[in-house]
Amino acid sequence: MMDSFVQNYMGFEQLGTYLISLFVALGLAMIIAFHPQTFGKKENIDEIEAPKTFLFYAMIGSLVGATVADYGPELGFIFFGLGGLMRFRTNSGGSNQTGRLILVALIGLCCGLKMLYIAGVSTLVGWILIYFLERRTIYQIEITGLEKKLFGESVEQYRNALKKQKYNIIIEKKNFAKSKILFIFSSSAKVEKDSIEEFFRQQVSPEHSGSIDLEVGYKK
């Protein structure tokens, strides 16, 4: 009985092949995701979060390829149809969240197809990817209504306040004509809008203060 379970469900003979294809896919995706011509020219949250999406979809592609190799190309059409349905008919947030949803659905399908070696390895690698990619949260904060005469000093005070909290400032955009500043930064701890507004009230003088709009993560 155990021999039958191992042969029909665990697929140890195919495990090595799938591991090689999975890690090659992730490695090649990283080459594209972190290309110096694009990764160093991030302008907004979407572009900062894009490498995470690339890696997840590369993993999904390797998973689909492995199942198609064993069960035939017809299964690929089913998978991509399911992925399209989830992407456009399910309210799952942005592309990053959709990638996780598709991955979980494919893992469940692999279990139903008796491909537990793919389901198990994909779950483990997916968990590791989420752990490392989501250790820090991306935030976008926009400060408007600044006094133009004090604009330069205001920028410096807000910048120093963020650095004092040990936030990693990724992008800083200044718009003197509209009297506003935009910071995109990352933090290992969750940042609430009320707490950061209170912190700025303590660190930034009233004459240098402006109205704060804080966004968390990628835009929907």
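Reader: How many bridges join strand β1 to β3, and in which sense do the two strands run?

Author: In this predicted model, strand β1 covers residues 137–144, and one of its residues, I141, has F183 in β3 as its bridge partner. The two strands run antiparallel, and the number of bridges that join them is 7.

Reader: Which elements make up the protein, and in what order do they run from the N terminus?

Author: The protein has 9 helices and 4 strands. From the N terminus on, these elements run α-α-α-α-α-α-α-β-α-β-β-α-β.

Reader: In what order do the strands stand in the sheet?

Author: Strand β3 is joined to β1 by 7 bridges, and 7 bridges also join β2 to β3. Strand β1 in turn pairs with β4 over 6 bridges, in the antiparallel sense. The sheet formed by the 4 strands is open, its pairing is antiparallel, and the order is β2-β3-β1-β4.

Reader: Which strands stand at the edges of the sheet?

Author: The order within the open sheet is β2-β3-β1-β4. A strand at the edge has a single partner strand, so one side of it is left without a neighbour in the sheet. The strands in this position are β2 and β4.

Reader: Which residue in β4 is the bridge partner of Q140?

Author: Strands β1 and β4 pair over 6 bridges in the antiparallel sense, and β4 covers residues 211–216. In β4, the bridge partner of Q140 is E215.

Reader: Which strands does helix α8 touch, and what angle does its direction make with that of β3?

Author: Helix α8, residues 151–164, packs on the sheet. The strands touched by this helix are β1, β2 and β3, and its direction makes an angle with that of β3 of about 10°.

Reader: At what angle to β4 does helix α9 run?

Author: Helix α9 consists of residues 193–203. This helix lies across β1, β3 and β4, and its angle to β4 is about 140°.

Reader: How many residues lie between β2 and β3 in their hairpin, and what is the phi of S179?

Author: Strands β2 and β3 run antiparallel, and N168 stands opposite S186 in β3. The hairpin they form has 4 residues between the strands, and S179 in the turn has a positive phi of about 55°.

Reader: How many residues of strand β3 are buried?

Author: A residue counts as buried at under 20% relative accessible area. Strand β3 covers residues 180–187 and is largely enclosed by the rest of the structure, because the buried residues number 7 of the 8.

Reader: Which elements hold R159 and E172?

Author: The side chains of R159 and E172 meet in a salt bridge, 2.8 Å from N to O. The pair ties together parts that are 13 residues apart in sequence, because R159 lies in helix α8 and E172 in strand β2.

Reader: Which helix gives the largest share of the nonpolar patch?

Author: The nonpolar patch on the surface is formed by I20, V24, L28, I31, I32 and F54, with about 620 Å² of accessible area together. I32 is found in helix α2 and counts as exposed at 57% relative accessibility. The largest share, 5 residues, comes from helix α2.

Note on methods. Residues numbered from 1 in each chain as written. Predicted model: local features only at pLDDT ≥ 70, side-chain atom pairs only at ≥ 80, totals over all residues. Heavy atoms only, no water. Patch = residues over 30% accessible without salt bridge, like charges linked within 9 Å, V, L, I, M, F, W, Y side chains within 5 Å. Areas by Shrake-Rupley, 256 points an atom, 1.4 Å probe, with all protein chains shown as cover. Salt bridge = Lys/Arg side-chain N within 4 Å of Asp/Glu carboxyl O. Buried < 20%, exposed > 50% of the residue type's maximum accessible area, 1.4 Å probe, protein only. Pairing = 2+ DSSP bridges. Contact = heavy atoms within 4.5 Å. Axes fitted to C-alpha atoms, helices over the stretch in contact; angles between N-to-C directions.
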